[in-house]
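Open the model in your viewer and keep the selection panel at hand. The tour goes stop by stop.

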Amino acid sequence: MLAKFRPPMATSPKTKAAPAVAFSTAAERDGYAQYNHTDACQHLRWTSRESYEYMYARPWSRVVDFYATLVRTGAGTAGLAELFGKAEKGHACDTNGQEPLTSFDEKQMPVKSSKGRGGRWERANFKIVLSYHGGSFDGWQKQPGLNTVQGLVEKHLGQFVDERKAKQLQDRSLPIEGCATVAGRTDKGVTALQQVCSFYTWRKDVQPSDIKDTINEAAPDKINSLVVSEVSREFHPNFSAKWRRYLYIFPLDDDAKSISGDEQSSIMLKNPEYNIAPRSFDVAKVDKILRQLEGKMLSYKMFARDTQASRSAGPATECFMFHSRAAVTKLYSADENCKEGMTVMCVELVANRFLRKMVRVLVATTIREAAAGADEDALLNLMEATCRRATAPPAPAEGLCLVDVGYEEFNEQRCFIVD
């Protein structure tokens with residue numbers, strides 16, 4: 001399906017090629033250093049400021065409410081599948097529609113006998129599948145003074161800690177909490193429908209149902225423990241995972257504020273070197289650009305943000321993209337006063353791993369390149385850039401959702417957007 005959005009954009013006058021990183025006229029005015037692209041689209045490409053303003057001007061509240069409904073009602077991935085008029089393969093719900101039965105069940109990681117072994121082989125290891133609303137938490141990772149998913153989960157897992165560990169924590173004047181290892185940390189505002197974490201204890205009387213009930217009582221309607229099962233001691237939610245799937249919902253309705261804004265528009269009128277030219281935002285072009293990433297092991301260091309130095313070069317930046325597509329659909333609200341659906345673009349990405357903020361930067365950069373009319377290999381060319389200013393600022397976290405984590409071989413037929 002073809003969808004276009006035409007915001008008025010500022011076009012800088014054509015000049016000769018400059019060094020890789022230089023100050024454009026707009027950059028000098030705003031005090032930002034912009035990456036100077038040298039391809040044929042360099043004068044049509046949004047600056048970082050323009051891209052940021054365009055992304056954050058969208059009606060994100062509708063998307064946030066939609067994700068909140070999926071978590072609160074337990075619709076989960078089945079609710080996402082309905083956006084594309086299909087049933088979610090590999091998942092089913094119980095009679096109350098509350099508990100999805102995932103395809104990566106305990107058959108994938110059977111509990112092995114610990115006879116003749118000691119140490120960690122004596123402990124019980126539990127896999128916990130969670131759904132939580134990103135707008136209700138300050139991200140996954142536990143941080144002092146913040147309401148995080150990890151902090152809430154570990155606090156309530158404290159009652160299942162064995163006596164030895166509890167005493168060690170008391171001796172160090174630390175709260176008695178469990179330790180939850182996660183498949184992948186999510187940022188503030190990012191929703192997860194089937195996040196996977198694990199928790200171990202040397203206690204023999206802990207049942208999966210006890211853990212599930214405890215977590216579900218922690219923050220009703222904001223976090224749900226979908227499935228808890230005892231798994232092999234070898235199971236690790238991060239290292240055992242073979243793929244992760246993300247979905248980004250981007251609003252396309254015309255009720256958002258123009259990217260340039262009143263202030264920037266007045267500046268353009270006062271400066272004759274600027275001219276306003278409408279640019280097409282073509283979802284079909286976004287899809288074509290994203291498809292170039294499929295089936296390739298590439299270094300995404302230019303699309304990462306806030307990474308440690310050790311993960312900013314070399315194999316640590318390489319990811320294999322199984323699936324990368326974009327499509328247009330309608331997002332309907334449960335609000336009785338809002339009957340008309342909102343047109344949105346959905347970007348579905350599946351890879352063996354993702355770098356920090358990689359999905360959000362990919363989405364924002366692909367939209368920018370499509371609006372500028374860049375070639376379909378635009379993202380591949382940006383892989384060779386030497387400065388992260390070559391890519392766009394991250395798209396808002398409110399549109400991102402961690403759909404699920406896979407521990408079996410990837411099957412494209414379970415994806416939402418397929419040919």
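Is Asp-221 buried, partly exposed or exposed? With a relative accessible area of 46%, Asp-221 is partly exposed. Keep in mind that this is a predicted model.

**Stop 1**

Check the backbone: phi is positive, about 75°, although Asp-221 is not a glycine. Most residues other than glycine have a negative phi.

Now select Lys-357. Here too phi is positive, at about 60°, and Lys-357 is not a glycine either. Look for Lys-357 in the loop between β14 (342-351) and α10. Lys-357 has a relative accessible area of 21%, so it counts as partly exposed. The cut-off that matters here is 20%, because buried means under that value.

**Stop 2: the largest pocket**

Select Gly-184, Arg-185, Phe-354, Leu-355 and Arg-356. Of the 34 residues that line the largest pocket, these are the closest to its centre. The volume of this pocket is about 1100 Å³.

Which elements supply at least two residues each to the lining? Among them are β9 (243-251), α10 (358-372) and β15 (400-406). Colour the lining by class next.

**Stop 3: Glu-369 and its partners**

Move to Glu-369. Show the side chain of Arg-45 as well. The two meet in a salt bridge, 2.7 Å from N to O.

Arg-368 is buried, as is Glu-369.

**Stop 4: other salt bridges**

Select Arg-203 and Asp-205. They form a salt bridge, and their closest N and O atoms are 3.0 Å apart. How exposed is each partner? Asp-205 counts as partly exposed, at 47% relative accessibility. Arg-203 counts as partly exposed too, at 25%.

Next, select Asp-287, Arg-291, Glu-294, Arg-325, Glu-412 and Asp-419 together. Salt bridges link these residues in a network. Side chains of opposite charge can pair when their charged atoms come close. Across the whole structure, a search finds 20 salt bridges.

**Stop 5: rings**

Select Trp-46, Tyr-54, Trp-60, Tyr-248 and Phe-250. They form one aromatic cluster. How many aromatic pairs does a search of the whole structure find? The search finds 16.

Show Arg-123 with Tyr-200. Arg-123 lies over the face of Tyr-200, at 3.9 Å from the ring centre. Then show Arg-245 with Phe-416. Arg-245 lies over the face of Phe-416, and the distance to the ring centre is 4.4 Å.

Conventions:
Residues numbered from 1 in each chain as written. Predicted model: local features only at pLDDT ≥ 70, side-chain atom pairs only at ≥ 80, totals over all residues. Heavy atoms only, no water. Phe/Tyr/Trp six-rings, centres within 6.5 Å; stacked < 30°, edge-to-face > 60°. Lys NZ or Arg CZ within 6 Å of the ring centre and 35° of its normal. 1 Å grid on protein atoms, 1.4 Å probe; cavity = no way out; pocket = protein on both sides within 12 Å on 5 of 7 lines; lining within 4 Å. Points joined across faces, edges and corners; volume = space filled by probe spheres on them. Helix = DSSP H or I, 4+ residues; strand = E, 2+ residues; numbered from the N terminus. Salt bridge = Lys/Arg side-chain N within 4 Å of Asp/Glu carboxyl O. Buried < 20%, exposed > 50% of the residue type's maximum accessible area, 1.4 Å probe, protein only.
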